[in-house]
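Subject: Structure handover

Hello,

Here is the structure I promised you. Please open it first, then read my notes below.

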Amino acid sequence: MSIIMFHYVKEKSNYFHFNLSKFEKFVSDNKDNIVTISDYVNGNNDGKIVLTFDDGTLDHYENVFPVLKKYGVTGVFSVSDNIFHNEVLDIQKIHKLMEIVGIEKFYDDLMELYTDRSSEELLEQYGTKERVIKKLLQKDLDLTLRKNILNSIVEKNKLNLKCEELYLNMDMIREMQSYGNEFAYHTINHCWLGSLSKEEQEKEISNVKTFVEKYGFINALTLPFGDFNDDTMEISEKLHIDFVIGVSYTNNSKCLVRVDCSSLS
């Protein structure tokens, strides 16, 4: 059994994505073995495949959904609160800057604004410019500081990012659900949960029940970046979440392990 994690599925892009033609071929070749995650949890999953798609980006409706319909299969799509508040998440701001501006220019802009440590020191710690950008602006800097830096870089490069041009809306979600696709909760702000206090984590996770009851989501939590700690699992138990969709190995039976789509041949 493989639970496969996808993010962007596009024919071409200047930043990371899974090729749409390759995706359709994979679905065509494996359609008889693709099941929902509820099927996997509740039934015989020997040799079966679950397709999962994170962040609720528009390509999931425009590119993925037509392929799934064509071959009569479904997937699991994870979205955050932002789609209901007309908010572009920091993760998409970072991805769009890398796609449109490029990693080199993005990195130079970051180094102009973040002067506490030298470029040499940061590259020695993180290894590549892309990892420096991601680690500083997604996790390692103070939340207010990293948001201010990121928004300044977006403004400097004149990126006009609109929620409706980046994400699914509720009409799309309803249509996708009508064909059997499942939706899971992906937290409020798409944070690294393991780096938050227990109180902060509970705030990030607690809306899962609203999404289940109000929007017909499955009772599941998809972990941003696959990141969690013991507090995450304790909170999930407290909220009676049926299962947690992760990435890396865990001995907790309620945390489902996924493999990244980059592993597909």
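In which hand of crossing does helix 11 pass helix 13? The crossing is right-handed. A crossing counts as right-handed if the near helix is turned clockwise from the far one by less than a right angle, and as left-handed if anticlockwise.

Before the rest, some ground rules. This is a predicted model, where local features need pLDDT of at least 70, side-chain atom pairs count only at pLDDT 80 or more, and totals for chains, interfaces and linings use all residues. Residues are numbered from 1 along each chain as its sequence is written, and side-chain values use heavy atoms, with hydrogens and water left out. Helices (H or I, at least four residues) and strands (E, at least two) are DSSP runs, numbered from the N terminus.

Helix pairs

Two packed helices are described by the angle between their axes and the distance between the axes. Axes are lines fitted to C-alpha atoms, for helices over the stretch in contact, and angles run from 0 to 180 degrees between N-to-C directions.

Helix 11 spans residues 198-205, and helix 13 spans residues 230-238. Their axes come within 10 Å and cross at roughly 50 degrees. The two helices are therefore oblique to each other. (Under 35 degrees is roughly parallel, over 145 roughly antiparallel, 65 to 115 roughly perpendicular, and the rest oblique.) Lys198, Gln201, Glu202 and Ile205 of helix 11 meet Asp231, Thr232, Glu234, Ile235 and Lys238 of helix 13. Contact means heavy atoms within 4.5 Å. By class, this contact of helix 11 with helix 13 has two nonpolar, two polar and five charged residues. (Ala, Val, Leu, Ile, Met, Phe, Trp, Tyr, Cys and Pro count as nonpolar, Asp, Glu, Lys and Arg as charged, and the others, Gly among them, as polar.)

Now take helix 4 (residues 90-100) and helix 8 (residues 143-156). They pack at about 40 degrees, with axes 11 Å apart. Helix 4 and helix 8 are oblique too. Here the crossing is left-handed. Asp90, Lys93, Ile94 and Leu97 in helix 4 meet Lys147, Leu150, Asn151, Ile153 and Val154 in helix 8. The contact of helix 4 with helix 8 has five nonpolar, one polar and three charged residues.

Strands

Strand 1 (residues 2-6) has four of its five residues buried. Buried means under 20% relative accessible area, exposed over 50%, partly exposed in between (1.4 Å probe, protein chains only). Two strands pair if DSSP finds at least two bridges between them. Strand 1 runs parallel to strand 4 (residues 49-54), joined by five bridges. Met5 stands opposite Thr52 there. Strand 1 also pairs with strand 10 (residues 259-260), parallel, over two bridges. In strand 10, Val259 is the bridge partner of Ile4.

Strand 5 and strand 6 pair in the parallel sense over four bridges. Val79 stands opposite Tyr185 in strand 6.

Single residues

Find Phe26 in helix 1 (residues 20-30). Phe26 is buried, at 16% relative accessible area. Beyond its neighbours within four places in sequence, Phe26 is in contact with Ile4, Ile49, Leu51 and Leu264. Phe26 and Leu264 are 238 residues apart in sequence, yet 8.6 Å apart in space, C-alpha to C-alpha.

Most residues other than glycine have a negative phi. Asn86 has a positive phi, near 55 degrees. Asn86 is exposed, at 58%. Lys158 has a positive phi near 55 degrees, and is exposed at 73%.

Best wishes
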